[in-house]
Amino acid sequence: MKLLRITILPCFLTFFYNVQSQNIADFTSIDPTTVQSASFVIPSSHSFQKIAEVGDALTAGGTFKVKPDFTAYVPIAGSSTNGYLSINSEGSALTDGGGGVMVFDINYNGTSKLWETTASEDLDFSGVAGTAANCSGTVTSWGTVITCEEGSIPDTFPPFDGYNDLGWNIEINPATKTVVAKHYAMGNFAHENVAIHSNDRTVYQGADSNPGYLYKFVADNAQDLSSGKLYVFKGSKSGAGSWILLDNTTQAEQNSTLTQSGPGDHDATVFNGIEDVEIGPDNMVYFAVKGEGTVYRFSDSDVLETAASTVTMETFVGGGASYDINDGSSTTSVAWGNGNDNLAFDGEGNLWVFQDSGNSFIWVVKSGHTQASPDVEVFGLVPTDSEPTGITFTPDYKYLFMSIQHPNVGNAANQTDAAGNSVDFDKGTALVISLGTNLGTLSVDQNHLNTKTKFLPNPLDPSRNLILKGRQIQNIKMFSLHGEKLLDKDYNNLNHIELNLQGYHSGLYLFKINDRQTTKLVIK
């Protein structure tokens, strides 16, 4: 009998999950030799739920726009279960019907263990002369969102106000579904995102261009980004540097941020495409440079720049390095490569790094990692032709919100998410990820996890043996999705078993251990 070919990955029947972790960064790396396919590959310990995809109707009119990017969870009163989801569109109204920001009212249903949206709206940017290429951004401590325009064009379209039409940071209020302002004082360039210091005045940001530059903005007043001083970094990428004050008062000066930074003017340090910037729990500033395949970090001796500060910079991860990735059964040396893009820290101090191009991995750089003593894992792989974009966590760090941008329109993953929805990943999709125990009504009872048998690796390359690790394994049964029994083997209370499954088609299979534990296995 020909078995049903389904490349479903870890979001189907979450009660089958072999989960042994307590926080979102506890997982066994996926097989790092896996290449992009129609499916979204994440560890079997985790689950995802689709929030919306391109073309879905919004409750206030219109549809979910193309190229979803920054997917920002904004808590209401600090809640991890009730908030707003602000989603950027990196497109343009002039070319692909995109551009702007969509805001969803969203809450977690404790009974179903699923996220629900009750309202959705495409914000109106006409009051600030429109917007486009809305890439990443940040959630402010005062409950707003900064959306960043990744591109710069001169004053070409009405109202011809003298300011460049594109290349600014824009502040929005997701609660009122309104646009607050374009912040011209923060400079004009291809903005990817911003990172705001806890003092609510200092902002670190970078130009996603080549040449690109690293900037610091110090607002005159806390929680008001409409005026302040703008600095550009000049110095070593592996040593000391300093901030150079730019002219930033007049309209012409604010339009000319890149020119002032470059050759013949301040000759600031050139970076090949600065993507995300984040402030770590150690108060160091981390930023990804896509074209250099490097995440740098630095300390800033005076974040308010009231006196000359010293910037001390180093490579944190990447920079031509390779890392040993263990998927539970073998270890593979994997080159970091280029394309590191969006960044975010979880509650354990692990740095999540989304990769645009290269392997298109979701990397996790574990807390305590150094280049001398590396600790890097691969959490996920996005579907064919797509990139992972935008990343925020709920305040309790149980849930990760992100989007999958520009996947191949021919993808037919037929994956089932935690809500039972079939997802093909043939269009841009916003989703939420968590441990399988936290998402879906069929979640595993965490109290019984420590006795479960581990299946490694999962998904399984059929050229490799499946390794089962557990306590007192007496019997293993394997079933197809049709319920056909494919394997039935007895053992004498073994703790380690290897199975050769080379004769089976790719797809989803169910295993029963000792006639008690049921676990799913994906064969690639």
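**Entry 1: a salt bridge to start with**

I began with Asp 31 and Lys 524, whose side chains meet in a salt bridge at 3.3 Å, N to O. The two sit in distant parts of the chain, 493 residues apart: Asp 31 is in the segment before β1 (46–53) and Lys 524 in the segment after β34. For the term itself, I took a salt bridge as a side-chain nitrogen of Lys or Arg within 4 Å of a carboxyl oxygen of Asp or Glu. Strands here are DSSP runs (E, at least two residues), numbered from the N terminus.

A note on what I'm looking at: this is a predicted model, where local features need pLDDT of at least 70 and side-chain atom pairs count only at pLDDT 80 or more, while totals for chains, interfaces and linings use all residues. Residues are numbered from 1 along each chain as its sequence is written, and side-chain values use heavy atoms, with hydrogens and water left out.

Next I checked how covered the two partners are. Asp 31 is buried, at 2% relative accessible area, whereas Lys 524 is partly exposed, at 31%. Buried means under 20%, exposed over 50%, and partly exposed in between (1.4 Å probe, protein chains only).

How many salt bridges does a search of the whole structure find? I got 16. Asp 31 and Lys 524 also belong to a network of salt bridges that links them with Asp 327 and Arg 464.

I then looked up Glu 53 and Lys 427, which form a salt bridge at 3.9 Å, N to O. This pair links distant parts of the chain too, with Glu 53 in strand β1 and Lys 427 in the loop between β28 (422–423) and β29 (429–435), 374 residues apart. Glu 53 is buried at 14%, and Lys 427 is partly exposed at 30%.

Lys 485 and Asp 488 were next on my list, and their closest N and O atoms are 3.4 Å apart in a salt bridge. Here Lys 485 is partly exposed at 46%, and Asp 488 is partly exposed at 41%.

**Entry 2: an open sheet**

I traced an open sheet of nine strands with antiparallel pairing, in the order β10-β11-β12-β13-β14-β18-β17-β16-β15. Its edge strands are β10 (191–196) and β15 (274–279), each pairing on one side only. From one strand to the next, the twist averages 35°. Two strands count as paired if DSSP finds at least two bridges between them.

I zoomed in on β13 (residues 224–235) and β14 (residues 240–245), which pair in the antiparallel sense over five bridges. Which residue in β14 is the bridge partner of Phe 233? I found Trp 243 there.

**Entry 3: an asparagine in a loop**

Asn 514 lies in the loop between β33 (507–513) and β34 (517–523). Is Asn 514 buried or exposed? I noted it as buried, because its relative accessible area is 12%. A polar atom of the Asn 514 side chain lies 2.6 Å from the backbone nitrogen of Gln 474.

**Entry 4: over to the surface**

Last, I looked at Ile 153, found in the loop between β7 (145–149) and β8 (169–173). Ile 153 is partly exposed, with a relative accessible area of 32%. Together with Leu 94 and Phe 157, Ile 153 forms a nonpolar patch on the surface, with about 290 Å² of accessible area for the three together. Patches are made of residues with over 30% relative accessible area and no salt bridge: like charges are joined within 9 Å, nonpolar side chains (Val, Leu, Ile, Met, Phe, Trp, Tyr) within 5 Å. Accessible areas come from the Shrake-Rupley method with a 1.4 Å probe, and for residues only the protein chains shown count as cover.

How values were computed: Helices (H or I, at least four residues) and strands (E, at least two) are DSSP runs, numbered from the N terminus. Axes are lines fitted to C-alpha atoms, for helices over the stretch in contact, and angles run from 0 to 180 degrees between N-to-C directions. A polar contact is a pair of N or O atoms within 3.5 Å; within protein, one must be able to donate a hydrogen and the other to accept it, and residues adjacent in sequence count only if both atoms are side-chain atoms.
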